[in-house]
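I am opening a notebook on this structure and will write down what I look up, one topic at a time.

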Amino acid sequence: MEKDLYNDRLEDYVKKSFEDYEEIPPGDMWNRIEEVLPTQEPVRRPLVFLYQYKWQIAAASVIMLLACRLLLVQSYYEQQLRSIAAQNQTASSNKQSSSAALSVTDVSEVREIPSNNTISAENSGGSSTRSTASSVQKINTTNNASQISGMVADNSVGGLAINQVSLPQEDGKTVQQVFNRQVSDVTDFSLLPAAVPAMLKTSNPVSIPSAATPTIKPVGGGRKWYVLVGIAPGRIKERQRPSHPGGHGPVFASRSEMPETTTSFSLRLGRALNRKITVESGISYQEMKRETIHKPRFEFREGQMIPTGGTHHQQARSFQYDLNTYGGSASVTLRADVVGSNIPDENERIEAVIRSNENVQVLQVPLTVAGRIGEGRMLGVVRAGIVGNYMISNNFEVTAYQLDNPELQLQNNNAYTVEFHRPRRFFPGYQIALGAEYRVSEKLSVAAFPVITGDFPRRDNFRGGNLPGQTTLAFTAAASYWF
Amino acid sequence: MTETELKACIRGDRRAQKAFFDRFRGKMFALCLRYASTREDAEDMLQEGFVRVFRDLHQYSGAGNFEGWVRKVFVNTALQYLQKQRRGPVIVELGSYDVATDDSPFFGEELPARNLIKVLQQLPTGFRTVFNLYVLEGYSHPEIAEILNISVGTSKSQLLRAKAYFRSLLEASLTT
């Protein structure tokens, strides 16, 4: 040390002393820093993101469940109709066949099997199925003739398919027992003579005449065009802008938004490409309302001095805060005078509150493809496509403002100004929807579906970076008229 | 710091920012203490420095030493803080202080860094700033002149006086 100093090596001595030296700051330092850090950009967590739409999701889920329930009920009754039609067809042919069989065989026993018995078999496609024999079936057996005839099953739902089976029989009694067992419970066919399963597999299924199928036309009844009218109330979620360099305003600002509501009215013209796919386009009018409270925190030195021409030109300052608007941004400048003789310290913090209202009208031109899933009256519908957004107007107004520093007072006649920066009015987006459609009649169908509409990222030419995108989750109720 | 950690900080991930803070808080607070005249001022510098680092982190190009970049941000923050605090240049008039000469007696005792900081904080702001920039940050006189908006000659003379004054304060502290 002594040598260092006397040899004018003070620099080395100081350097060595401070080399790797660390001093731990106060324990609350991180909290102080965190307090003034810009609002954290939300981490993309799907579940958290979905949570904010919990009510819409719950409503959509209930509707989807009801739609599925309706679909199942409808499917059940359709199946019943088909089954009845098939039974009618089978009964008539069975009557003829039975007569013929009785005439050529030595009938020793005729048994009637109750209609609720179940036969399990491997159908012609090789998969295991269950078939309900809802009609009265007759199994005619004879010990001597070694024949089985008259076993007929309905294959309308993919079950057993046997027509007028007559088998050569070595031991008729054994066969009789096997069949008794088979129809009384679900059995395997391994107990049958080897020829029977082979017959089951190769026999032709009973075909249901198309004339017997109930007339249930697809949605639109084969019509090609439709007009859709819809209304979609919803909520907006704005993707927050990341912090940007070189911008105006304070280092720290918090922002809280009231629930943002939007209502969209749609008129679309659609054309069916086939039974499943339609293409539709049209026009939608969307109105959005948003109320936001901004709380920027300035330091006095961040206020730009306003030249007043007098001796107190340093006592008037303007504080500028940039905020996001739909389709652009706005700079709100608050102008304040120093009250009294006490000038705030340069690093004195000044809290400001700016409350704003935004009323936006947007015209949308969607081009979507809709795919329909299912048959009958109730269909699942998936819609996806692109949307062109044109901002008709954006009425932004500052409804309240204040500075909380007692040494500062907002200027009476010139308290604030707003400067807009709107890069453009047109910006593209996308739309995705998943819902259900129910055909009321051949010409009319109604639909209900949650729809997500979002904007593609677009450049902020004023401040750099991307403008915050809007994502709207709405619930659409719509009606379509087919022609 | 890994690229992933930096990206998380830029994104605003609080946990990543906290980890960043924990990593640099000790060194940066020591730096702030050297520039500030009081511990409270150093705390303010530290707070503002981290806020600026997180705000400007995306500007780090990846070239050069990352800690050096962070240090530079803190030095700039400290200088701006001092400048704002004084509402004027950080340079003081020569002759305003009674400085010791190079042949002052020396008592040959070492001081820990913590005490050395206290001595450093007794320096006038202008002296302390030039001393820090030249001796501890390694800036040259032309660079200091540009940073502080002074002439090279002023920078040199400020350093000379600062060193002499620092030495006298050091010796005084050792005698007490």
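**Entry 1: two helices of chain B.** Is the crossing of α1(B) and α2(B) left-handed or right-handed? I looked this up first, bearing in mind that the model is predicted, and I found that the crossing is left-handed. The residues that make this contact are B:Glu5, B:Ala8 and B:Cys9 on the side of α1(B), and B:Ala16, B:Gln17, B:Ala19 and B:Phe20 on the side of α2(B). Sorted by class, I have five nonpolar residues, one polar and one charged in the contact of α1(B) with α2(B). I then noted the geometry: α1 of chain B covers residues 3-11 and α2 of chain B covers residues 14-35, and the two pack with their axes 7 Å apart, at an angle of about 115°. Since angles of 65 to 115 degrees count as roughly perpendicular, I describe α1(B) and α2(B) as roughly perpendicular to each other.

**Entry 2: helix α6 of chain B.** I next checked the length of helix α6 of chain B, residues 125-136, whose twelve residues should span 16 Å at 1.5 Å a residue; the C-alpha atoms at its ends are 15 Å apart, which agrees. How many of the twelve residues of α6(B) are buried? I found that ten of them are, so the helix is largely enclosed by the rest of the structure. The buried residues of α6(B) include B:Phe127, B:Val130, B:Phe131, B:Leu133 and B:Val135, and I also noted B:Arg128 and B:Asn132 among them. After α6(B) comes B:Gly138, for which I recorded a positive phi, near 85°.

**Entry 3: chain A as a whole.** Chain A has 483 residues, of which 27% count as buried. Taking the contacts in chain A with a separation of 6 or more, I noted that 72% of them are between residues 24 or more positions apart.

**Entry 4: A:Asn347.** Where in chain A is A:Asn347? I located A:Asn347 in the loop between β12 (328-338) and β13 (349-373). With 15 other C-beta atoms within 10 Å, A:Asn347 is partly exposed, because a residue counts as buried at 20 or more and as exposed at 12 or fewer. Setting aside the neighbours within four places in sequence, I listed the contacts of A:Asn347 as A:Glu299 and A:Arg301, together with B:Asp44 and B:Lys84 of chain B. For one of these pairs I also have a distance: A:Asn347 and A:Arg301 are 46 residues apart in sequence, while their C-alpha atoms are 6.2 Å apart in space.

Notes:
Residues numbered from 1 in each chain as written. Chains lettered and ligands numbered in written order. Predicted model: local features only at pLDDT ≥ 70, side-chain atom pairs only at ≥ 80, totals over all residues. Helix = DSSP H or I, 4+ residues; strand = E, 2+ residues; numbered from the N terminus. Expected span 1.5 Å × (residues − 1). Contact = placed C-beta atoms within 7 Å. Axes fitted to C-alpha atoms, helices over the stretch in contact; angles between N-to-C directions. Parallel < 35°, antiparallel > 145°, perpendicular 65-115°, else oblique. Left-handed = near helix turned anticlockwise from the far one by under 90°. Nonpolar A, V, L, I, M, F, W, Y, C, P; charged D, E, K, R; others polar.
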